[in-house]
Amino acid sequence: MSLEKPKIDDSFRVLHEKAHEYITDQQETLEDDFGFGQFSNYSVDWDESSITFHNEDNSSLKMTFQVVGTLETDTSKWSWKWNDPSISAEEREELEIIKNYGDFYDFSYLTIPSLEVTTPIAWALTAISGYLRISKGIFRIQQDTNAHFVYFKEVLT
């Protein structure tokens with residue numbers, strides 16, 4: 001199966017630069033305020049869409065997240081979560097903002113349901129999504145051969 005590969009133009013690069021700057025600031029805030037990046041492991045509650053980062057001293061950081069897309073690491077296939085028929089209406093509404101932005105500005109990377117991408121492009125799409133949704137940061141949750149790219153919605157602890 002050959003997947004479509006959209007072009008990256010100057011306006012998409014500008015969007016990515018703004019998103020990268022925003023996400024970098026958010027990640028630094030998480031590091032400064034909560035020690036993000038210093039935790040030794042994490043656990044995921046898929047039903048609650050929350051992730052808890054843990055340290056051996058029992059310190060922890062819990063955040064809610066939204067899956068943006070999944071990268072099948074063995075095939076390099078990116079699948080947007082907004083195209084998943086099993087998501088709730090609330091989740092679809094939240095994620096369609098990203099797709100609609102892509103439709104409006106003709107950014108096909110944001111509108112094609114499945115794409116062949118590299119890991120850096122998956123990170124870029126996640127950063128753009130986090131920027132458009134005014135997130136608290138981004139993260140990758142590895143599950144077998146799938147990497148779920150998420151943005152943080154809320155810091156709970």
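Predicted model: local features only at pLDDT ≥ 70, side-chain atom pairs only at ≥ 80, totals over all residues.
Two strands are said to pair if DSSP finds at least two bridges between them. Helices (H or I, at least four residues) and strands (E, at least two) are themselves DSSP runs, numbered from the N terminus.

Residues are numbered from 1 along each chain as its sequence is written, and side-chain values use heavy atoms, with hydrogens and water left out.

I turn to the overall picture. The protein has 3 helices and 7 strands, and along the sequence they follow the pattern α-β-β-β-β-α-β-α-β-β. Taken along the principal axes, the C-alpha atoms fill a box of roughly 45 × 30 × 30 Å. The radius of gyration is taken over C-alpha atoms, and the globule rule is 2.2 Å times the number of residues to the power 0.38. For 157 residues, a compact globule would have a radius of gyration near 15 Å, and the value of 16 Å for this protein agrees with that.

Accessible areas come from the Shrake-Rupley method with a 1.4 Å probe, and for residues only the protein chains shown count as cover. The accessible surface of the protein comes to about 8700 Å², and 45% of that belongs to carbon and sulfur atoms. Buried means under 20% relative accessible area, exposed over 50%, and partly exposed in between (1.4 Å probe, protein chains only). Of the 157 residues, 40% are buried. Contact means heavy atoms within 4.5 Å. Among contacts with a separation of 6 or more, 59% are accounted for by residues 24 or more positions apart.

A word on charge. Lys and Arg count as positive and Asp and Glu as negative, while His and the chain ends are not counted. The place of a charge is taken as NZ of Lys, CZ of Arg, CG of Asp or CD of Glu. On that basis, the mean positions of the 13 positive and 28 negative charges are 6 Å apart.

Strand β3, residues 60-72, pairs with strand β4, residues 77-80, in the antiparallel sense over 4 bridges. In this pairing, G69 stands opposite W80 in β4. The two strands form a hairpin with 4 residues between them, and S76 in the turn has a positive phi of about 60°.

Strand β3 also pairs with strand β7, residues 146-155, in the antiparallel sense, here over 9 bridges. The bridge partner of T64 in β7 is E154.

Which strand is joined to β7 by 7 bridges? That strand is β6, residues 137-143, and it runs antiparallel to β7. Within this pairing, F139 stands opposite V150, and Q142 stands opposite A147. β6 and β7 form a hairpin with 2 residues between them.

Most residues other than glycine have a negative phi. D144, in the loop between β6 and β7, has a positive phi of about 55° although it is not a glycine. D144 counts as exposed because its relative accessibility is 75%. I134 is also not a glycine, and has a positive phi of about 50°. I134 lies in the loop between α3, residues 119-132, and β6, and with a relative accessible area of 63% it is exposed.

Finally, two residues from the interior. T52 lies in strand β2, residues 50-54. Is T52 buried or exposed? T52 has a relative accessible area of 15%, so it is buried. Leaving aside neighbours within four places in sequence, T52 is in contact with N41, Y42, S43, S60, L61 and K62.

I87 is found in the loop between β4 and α2, residues 89-105. At 9% relative accessibility, I87 counts as buried. Not counting residues up to four places away in sequence, I87 touches K81, W82, R92 and L95. The C-alpha atoms of I87 and S11, which are 76 residues apart along the chain, are separated by 30 Å.
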